[in-house]
Amino acid sequence: MSDVLVACLLPVMLAYLGFRLSVFDKDVIHSIWLDLWSLFNLGPATNIDSRNVLFSIQTSLTAYSSYRALSLDELSRMRASYMSIGRTHKRIGYEIGYPEKLDKLAELIQVNAKVTDGIAAVMRRIYNQGTVSSVMLWPELRPTTKEKHIDSHSLSRIRESLKHFVRDWSDAGIVERSVIFEPILSVFSMLSAPARSQNRVLFPGSGLSRLAYEVSQLGYDVTACELSAYMNGAFRFLLDPEMTKTVNQHEIHPYAHWWSHSRNAADLFRGIRFPDVIPHLAADGTVGLHLKEGNFLELDVTNPSANSRSRRTEGYDFVVTLFFIDTSVNIIHTLEHIYRLLKPGGTWVNLGPLLWCSSAQARLELTLEEVFNVMDAVGFSIVGGRNGNDDEVPNCMKRRTISCEYTHDDKAMMRWIYEAEFWVARKV
């Protein structure tokens, strides 16, 4: 048997062995496939990351367009469940107003759909025209992937985006924003105002970009980078002058779909108006807020978006990660890329938990101590030390634990509290 034939058969045998040992576990099989692919691919395996399809423009646009139909289908199942109970119990349900509650949900689906339809309209217009192609980091996707992933998971991603409108761009989100934004904004407030415009800041996993916007308002040159087109479409809905003209123009009912932990129907169905301010992107070549869409791991350091002085030095002065690093498929790769994108001596600011990707997506699930050890190996130094006990460092720069919430419902009977970790690290 020739060496060439052995080389060809070896990956096949390994794949078969992995398939047999995995007991038909799809996640393990997918993991094995990524490893085999990497043998023949000199670049990282991120180009075939399924998340690039799940959160793509095509999938997200179709999902937003389908919000009304998906929600009404779910409501039909709720009505059928109510009708399946006995006559006596249906009468009690009628007396306490349960059918009216279902009817109210039907009304609010239509209200929410005004926003989701608007997002879909913006996405069709700007992406079909190719007006943002210069800032896209998306890999090519075949049109056949368009309808494949539209299901109940797509509906949950839409609802997550609606809750981010509340957290990021409404008066109702002020308290939550103050807790998680203030530690990061304090770091950026330390630099003297005249020098801020010469500093480039990157926000990977920027979501609806409110924190990135706030830092840009301090005078920094900021780039928000987001993988999910669910988030990018929603943000562009706010940026679009045809769709968003005035403060608090839009209304959503973001909690209407989840009936657990509700004290009363008024809380469950309450409306939230947004945006509390109207964001704008800076023109190319000027200091302000910029947006790059797609996978942060595909972002290069050689494409600065702002002033001429920053063009002469590759890399970013700051990278800020808020509730981001635990979304990594490979946390080591993520930290290496953050390091690569920073200028020599650049600063990384982080706040968030370690809620690793579910369904075996995360290739590594590390403890906080192990994350710090990886940071050491990559080349980061935590300002003030791991214990945050260096008296010569300003308190706002010291590593600490911050109790916080994430897109919470402040009227619900359940609270999910994160003991999130805050640190500032330097590239050494």
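**Close-up views of a predicted model**

**Figure 1. Confidence across the predicted model.** This model is predicted, and the protein averages a pLDDT of 86. Of the residues, 79% score at least 70. Two stretches call for caution. Residues 19–48 stay under 50 in pLDDT. For residues 19–48 the model has 30 contacts beyond four places in sequence. Over residues 304–312 the pLDDT is also below 50. This second stretch has 23 contacts in the model beyond near neighbours in sequence. Where pLDDT is low, the predicted coordinates should not be read in detail.

**Figure 2. Packing of helix 4 against helix 7.** Helix 4 spans residues 57–65, and helix 7 spans residues 98–128. The two pack at an angle of about 145 degrees. Their axes are 8 Å apart. The crossing of helix 4 past helix 7 is left-handed. Helix 4 brings Ile57, Ser60, Leu61, Tyr64 and Ser65 to the contact. From helix 7 come Thr116, Asp117, Ile119, Ala120, Met123, Arg124 and Tyr127. By type, the residues of this contact are seven nonpolar, three polar and two charged.

**Figure 3. Helix 12, a mostly covered helix.** Helix 12 runs over residues 229–239, and eleven of its eleven residues are buried. The buried residues include the aromatic side chains of Tyr230, Phe235 and Phe237. Asn232 and Arg236 are buried as well. Ser228 caps the N-terminal end of the helix. A side-chain oxygen of Ser228 lies 3.1 Å from the backbone nitrogen of Tyr230.

**Figure 4. The cis peptide bond at Pro275.** The bond from Phe274 to Pro275 is cis, with omega near -5 degrees. Most peptide bonds are trans. Pro275 sits in the loop between strand 5 (272–274) and strand 6 (289–294).

**Figure 5. Ser209, a loop residue with positive phi.** Most residues other than glycine have a negative phi. Ser209 has a phi near 70 degrees. The residue lies in the loop between strand 2 (200–204) and helix 11 (210–217). Ser209 counts as buried because its relative accessibility is 0%.

Figure 6. Phe323 is not a glycine, yet its phi is positive, at about 50 degrees. Its place is in the loop between strand 7 (316–322) and helix 15 (331–341). Phe323 has a relative accessible area of 12%, so it is buried.

Note on methods. Residues are numbered from 1 along each chain as its sequence is written. This is a predicted model: local features need pLDDT of at least 70, side-chain atom pairs count only at pLDDT 80 or more; totals for chains, interfaces and linings use all residues. Side-chain values use heavy atoms; hydrogens and water are left out. pLDDT is the predictor's confidence in each residue, from 0 to 100. Contact means heavy atoms within 4.5 Å. Axes are lines fitted to C-alpha atoms, for helices over the stretch in contact, and angles run from 0 to 180 degrees between N-to-C directions. Helices (H or I, at least four residues) and strands (E, at least two) are DSSP runs, numbered from the N terminus. A crossing is left-handed if the near helix is turned anticlockwise from the far one by less than a right angle, and right-handed if clockwise. Ala, Val, Leu, Ile, Met, Phe, Trp, Tyr, Cys and Pro count as nonpolar, Asp, Glu, Lys and Arg as charged, and the others, Gly among them, as polar. Buried means under 20% relative accessible area, exposed over 50%, partly exposed in between (1.4 Å probe, protein chains only). A polar contact is a pair of N or O atoms within 3.5 Å; within protein, one must be able to donate a hydrogen and the other to accept it, and residues adjacent in sequence count only if both atoms are side-chain atoms.
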